[in-house]
Amino acid sequence: MMGVELASNDLPIFVVEDGYLSDSEAFASVIRVLDGVRTASVLVAQSDRDQYDYLLSIVDPGKRMGPDEEALLATALKALSGAVSKIDIVYHGSLISNIFGLCLWNYGLNARNALLELITSLAAVPDKFLDGCLHMLVNNFLPPRRLRESISQSRWITRKKEVHSELHMALHYIADVVPLAPMKLKSIIEKRMPRCTDPKDMIVLYVECMLGLENDEIGEFLGSTLLAKVVDLLTDLDVNITWEDILQEEHNKGIFEMELEEWEDNMGHDAEVGVKPPMENGVLKGNAFADKLDGLMVIVCEHLKSRAVNGHLLKVFEALSEIFRSAMLKLHKSKFAQFLMFYACSLDPDICGLKFAVLLTDIFVSKNEDPDSRMKAVAYLASYLARAKFISSSMVASILKRLVDWCFEYCQAQDNQGKINPQAHRVFYSGCQAAMYILCFRMRSILDVPHLKHLLFHMPLGSILCHPTLDPLKICLPSIVQEFLRQAKAARLFKTSVPYLYDNSLESEFSKAFGGIERLDMFFPFDPYLLKESDRFMRPNFEFWSMVKTTYSNCNSEDEYEFDDLDAPDFPENAGTYEEHEDLDLDHGDDLEYSLNKMSITPKSAFQHPINTNFHQPSRMPARIRPSVSPNW
């Protein structure tokens, strides 16, 4: 293979008679140069020093290169690859520093291949250059800042894919030949992981390259480390987006824009329903964390999708489940990061979707878990089963039965004496509220399947909800209770008169008490997703309230009594009536609590189903999960 044509004024290091330098001649020249300075500096001849300096000028990371200079660099790098045994840390420190300072993104294919060949050769030298090689490769996860500004251009997108693929191949080779490499690489990746305060392009590019390692065999060595670090970054971004940041924004601005209850008042009564006003700047004003989180969610969802296509989703899902169990579940009201689990489940509903539901149920029913973890788990379970369109009615009914059975067994173990104590029975009340919430979304779809209808009608819901001491109908969020009872009444779920709460309060002192300081009674983690760019992964799989077919949708039709042929379980003899419940100590909640939890909306009369007007007062779902209109992004 012919080398590069040299200029006549080049130093003797690479000069040959015909003006061309072959690879073998380049190798011999590099050996002479390296040997010439392999001694104390005072003993190095000036000619040898000049030739070494010329080699340094060829391998100069700060020099802008034209085609000829880059071709000469590739030749020198190839020659150095064959001479790695001659490279000494003490005598050739400047050369090693220059090599590790080279940036792959600055060169064409030939120079990049030559550089990576040299790096992998150096990494294989025992006990010398491994750390430096790994640091150099990880440094190249990111392009130079000047290129990051143009990375969205088509030619740089191509370059990005090429460089990332080449980096993965080099790291894979090093991991194969140096058993210690994966452990060291894991530590380096963790140390170089971007922080939530870093620019969005830096975060997205680094994570994109890092996750690509999971597609290679090296991912076997790294285990779930890569995914765990990404989730850590996601949650860091998530917690930096406070509810105050979201709710203090004007409703017609930012990526968190949604059909909040006040829109009609702000925009006038003639505003077209479902049409959002134009956004300003595309992100939440004054908070760039949302934009970073959105971009990062896109990258991780694309990764999950590719793993599913390649048949490796289940392995990734198992790792993600462990991360969720140990990290996400402990967060206080995470807003968006948990949707990774939602999306992963949507890619394989029958296996991953079921596993997630069972995991949450197991946590809830386990006596070995702390109460807060159990309450958070059942809040996740309720929100997941309500919102996930990909979960079958059969699966929902099966999980619901297990939930209801636990609540019934809990009731059986209680005395029928004493006063209501929401805090003492907070896990029970969270389970009851979860069951009612699921049925607000899923009752009709369950009733539409004959054997599931039979299963639902024989669940001991009446005994649970009208327990004389526990009385969940007084404790749970009135908005959920009211919507559930409205649907239960329309479905003739109970033969006896159903207590119907006409108070329209969002919360009560009782629900505050069992929800605790974190207000877990108002935690609905899979409320409508509000990040614009990554919304496309969630939307096809998400059930908005406006899509739900309730049991009272046909109340004015000839099918009004379509459920009458069912044998419905009675409430117990001492079941409360409305009159017994009308003394509920309901609290409308202070302004702060109301604001923090109105992420989903209750439509005004123009938004609501016409059938609502047939009831004394329209029911309203709780603040963050009240009926919402699907955003038109």
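**How the helices meet**

Guide: The protein has an average pLDDT (the predictor's confidence in each residue, from 0 to 100) of 78, and 72% of its residues score at least 70. This is a predicted model, in which local features need pLDDT of at least 70 and side-chain atom pairs count only at pLDDT 80 or more, while totals for chains, interfaces and linings use all residues. Residues are numbered from 1 along each chain as its sequence is written, and side-chain values use heavy atoms, with hydrogens and water left out.

Helices (H or I, at least four residues) and strands (E, at least two) are DSSP runs, numbered from the N terminus. Among the elements, the highest mean pLDDT, 98, belongs to helix α17 (residues 339-347), and the lowest, 31, to helix α29 (residues 591-596). The pLDDT is below 50 over residues 1-12, a stretch with 25 contacts (heavy atoms within 4.5 Å) beyond near neighbours in sequence. It is also below 50 over residues 556-633, where the model has 224 such contacts.

Now the packing. Axes here are lines fitted to C-alpha atoms, for helices over the stretch in contact, with angles from 0 to 180 degrees between N-to-C directions. Angles under 35 degrees count as roughly parallel, over 145 as roughly antiparallel, 65 to 115 as roughly perpendicular and the rest as oblique.

Helix α1 (residues 23-36) and helix α3 (residues 67-81) have axes that come within 8 Å and cross at roughly 70 degrees, which makes α1 roughly perpendicular to α3. On the α1 side the residues are Ala26, Phe27, Val30 and Leu34, and they meet Thr75, Ala79 and Leu80 of α3. By class (Ala, Val, Leu, Ile, Met, Phe, Trp, Tyr, Cys and Pro count as nonpolar, Asp, Glu, Lys and Arg as charged, and the others, Gly among them, as polar), this contact has 6 nonpolar, 1 polar and no charged residues.

Helix α5 (residues 109-123) and helix α8 (residues 154-177) cross at roughly 20 degrees, their axes coming within 10 Å; α5 and α8 are therefore roughly parallel. In their contact, α5 residues including Leu109, Arg112 and Leu116 meet α8 residues including Arg159, Glu162 and Val163. The contact holds 7 nonpolar, 2 polar and 4 charged residues.

Helix α6 (residues 130-139) and helix α9 (residues 181-192) also have axes within 10 Å, crossing at roughly 45 degrees, so α6 and α9 are oblique to each other. Among the residues in contact are Leu130, Leu134 and Val138 of α6, with Ala181, Leu185 and Ile188 of α9. The classes here are 7 nonpolar, 2 polar and 3 charged residues.
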